[in-house]
2 protein chains.
Amino acid sequence: MTPELVLQNIGKHIALTQKEAAYFVGLLKEEEVPKKGFVLKEGQTCKYISFVHSGALRAYHLDQQGREATIMFAIADWWITDMYCFINNQPAMLFIQAIEDSCILKLSRDSLEELYVRVPKFERFFRIIMQGAYIREQLRVIQNLSLPAEERYDRFLSKYPRIAGKVTQKQIASYLGITPEFLSAIRGNRSRGK
Amino acid sequence: MTPELVLQNIGKHIALTQKEAAYFVGLLKEEEVPKKGFVLKEGQTCKYISFVHSGALRAYHLDQQGREATIMFAIADWWITDMYCFINNQPAMLFIQAIEDSCILKLSRDSLEELYVRVPKFERFFRIIMQGAYIREQLRVIQNLSLPAEERYDRFLSKYPRIAGKVTQKQIASYLGITPEFLSAIRGNRSRGK
DNA sequence: CGTCTATTTGAATGTACTCAAAAGCGGTGG
DNA sequence: CCACCGCTTTTGAGTACATTCAAATAGACG
């Protein structure tokens with residue numbers, strides 16, 4: 001796996017010298033994750049933030065009644081982790097699982113701290129990443145509060161068409177906060193024209 | 001109003017020299033906002049991110065049916081803005097209104113960009129602020145998806161006791177994503193011991 | 001092929017909403 | 001200081017959106 005994609009991802013927001021790029025790449029750990037393999041399980045220490053080089057991952061939370069709530073999907077060119085636990089060194093609340101065979105680049109918390117010191121431009125890079133993540137979550141909260149399930153489904157499809165093609169309806173339902181049965185009903189109405 | 005509180009807020013994450021602090025303070029614009037006054041209205045350009053020096057603000061979104069969804073509350077020592085619109089120069093989606101007489105310090109987008117260039121430590125500061133905001137929103141999404149209204153209410157009270165004391169039930173209901181009538185019913189059950 | 005899981009369908013149920021009206025509370029002006 | 005007005009909160013009846021449970025069908029994978 002060449003590090004081109006991740007360097008390109010970073011290049012969208014900051015410019016690195018050859019040396020800086022080489023140093024950064026040296027901090028990354030490659031990992032191949034087979035479909036259904038776990039990058040993180042609840043209760044483990046979340047040591048890494050991961051860049052998805054190829055494939056697709058899903059982060060979800062299991063509640064007391066054993067129901068899954070999908071927190072996010074990540075396809076190629078996205079970053080994913082259990083941010084709360086990564087930052088606060090807490091046992092993970094989330095499972096992160098491969099939806100298809102995937103290839104990721106992991107950056108540990110310690111490496112990241114070192115990176116911030118050695119190449120402060122990365123403070124900017126991750127400021128922009130965090131900002132984007134915050135905005136997306138906030139838009140999601142607004143939509144969850146103010147739109148009915150059917151419209152949330154529409155918006156999901158139009159906002160994330162590439163993801164929609166890779167995941168099951170059950171997973172979409174758990175992202176939208178509804179049951180698979182109800183999502184099926186929504187789709188049923190729709191195809192019958194009403 | 002002395003700038004001590006905001007400097008202390010920043011001092012939690014980065015250390016500034018006298019000069020840097022003075023430069024930063026020079027970028028801020030003070031504003032007194034009376035109870036029920038607006039810091040931002042939907043459709044306006046959101047030019048500022050605001051630090052709450054005293055008082056309390058509420059950000060909310062109005063949907064097509066005219067229902068309010070409360071996005072966040074901010075009391076002294078918090079930062080607030082319509083982040084999506086602040087960052088992307090879009091017309092505001094949110095109203096930001098004072099819940100009580102408040103005093104805020106506003107930092108414009110242009111000033112902030114300049115600040116990032118002149119004092120790059122602020123990249124770190126806002127990286128940490130954004131990170132915290134992202135984590136809070138993500139936890140909120142998890143709880144909205146996996147907890148019933150009654151438990152979300154409990155958690156709100158225990159997580160934000162200082163806010164709970166300042167706001168109406170109607171506002172709490174709109175933060176939790178339920179109607180005021182239903183929140184009232186929850187509270188009714190509770191006081192009757194069940 | 002056969003097994004496992006995802007999806008669909010339908011009936012019964014529950015959680016939360018709407019609408020309406022009464023009661024409470026806070027602020028304002030006479 | 002009290003009376004009134006407007007808004008919040010409570011209460012209740014009827015309703016709607018979404019869930020649960022169960023079973024049938026369809027797809028994916030070894």
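Guide: Happy to! A residue is near a strand if its C-beta atom, placed from the backbone, lies within 6 Å of it.

Before we go on, please keep in mind that this is a predicted model, where local features need pLDDT of at least 70, side-chain atom pairs count only at pLDDT 80 or more, and totals for chains, interfaces and linings use all residues. Residues are numbered from 1 along each chain as its sequence is written, while chains are lettered from A and ligands numbered from 1 in the order in which they are written.

Now to the residues themselves. Around DNA strand C there are 15 residues, and those that come nearest are Gln169(A), Lys170(A), Ser184(A), Gly188(A) and Phe182(B). Two or more residues each come from helix H8 (169–176) and helix H9 (180–191) of chain A, and from helix H9 (180–191) of chain B. Helices (H or I, at least four residues) and strands (E, at least two) are DSSP runs, numbered from the N terminus. H9(A) gives the most to this surface, with six residues.

A word on confidence: H9(A) also has the lowest mean pLDDT among the elements of chain A, 89, where pLDDT is the predictor's confidence in each residue, from 0 to 100. Strand E5 (residues 79–80) of chain A has the highest, 98. Chain A averages 95, and 98% of the residues score at least 70.
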